[in-house]
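Student: I'm new to reading structures like this one. Could you walk me through it?

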Amino acid sequence: MAQHNDLGKIGEVLAVDHLKQLGFTIEATNWFFGRAEIDIIAKKGDVLVAVEVKTRTSDFFGAPEIFVNKKKIALIGKAMHHYVIRNALEVEVRFDIITVLKNKYECKINHI
């Protein structure tokens, strides 16, 4: 596996741990619908959250969240709609971004 893929997986594990600490239950990880992937589907109360995780070793090229573009958001929205319909859920749906800056000197998690 390429090094950037390893970093992404580490970031997703850290994001799952972060969400669990906040009281979320994890419904699914790396859930696909067509070309869309939802990194994490989490639930807290009656709120179902699609979480996009962006992991970087630095913010030299910009904050990680700026790399979540409109096309990606639309794909995640479409996938989340399918997930809700497929599972016949009556929930409020939200989209969050969790950024992870991780290198040998620091590990920062930002939940947006």
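Student: How far apart are the end C-alpha atoms of helix H2 (residues 70-86), and what should its 17 residues span?

Tutor: Before that, some ground rules: this is a predicted model, where local features need pLDDT of at least 70, side-chain atom pairs count only at pLDDT 80 or more, and totals for chains, interfaces and linings use all residues. Residues are numbered from 1 along each chain as its sequence is written, and side-chain values use heavy atoms, with hydrogens and water left out. Helices (H or I, at least four residues) and strands (E, at least two) are DSSP runs, numbered from the N terminus. The expected span of a helix is 1.5 Å times one less than its number of residues. For H2 that gives 24 Å, and its end C-alpha atoms are 24 Å apart, which agrees.

Student: Which residues of H2 are buried?

Tutor: Buried means under 20% relative accessible area, exposed over 50%, and partly exposed in between (1.4 Å probe, protein chains only). In H2, the buried ones are Ile76, Ala79, Met80, Tyr83 and Val84. They sit on the same side of H2, because they cover an arc of only 140 degrees around the axis; the arc is that of the directions from the helix axis to the C-beta atoms. As a general idea, an α-helix has 3.6 residues a turn, so residues three or four places apart point the same way.

Student: And which residues are exposed on the other side of H2?

Tutor: There you'll find Lys70, Lys71, Lys78, His81, Ile85 and Arg86.

Student: What do the buried residues of H2 pack against?

Tutor: Think of contact as heavy atoms within 4.5 Å. The buried residues of H2 pack against strand E1 (25-33), strand E2 (36-44), strand E3 (47-56) and strand E4 (92-102).

Student: How are the strands arranged in the sheet?

Tutor: Two strands pair if DSSP finds at least two bridges between them. Here five strands form an open sheet in the order E1-E2-E3-E4-E5, with mixed pairing. E1 and strand E5 (107-111) are the edge strands, each pairing on one side only. Take E2 and E3: they pair in the antiparallel sense over five bridges.

Student: Is His18 buried or exposed?

Tutor: His18, found in helix H1 (residues 3-21), counts as buried because its relative accessibility is 18%. Leaving aside neighbours within four places in sequence, His18 is in contact with Ile98, Ile109 and His111.
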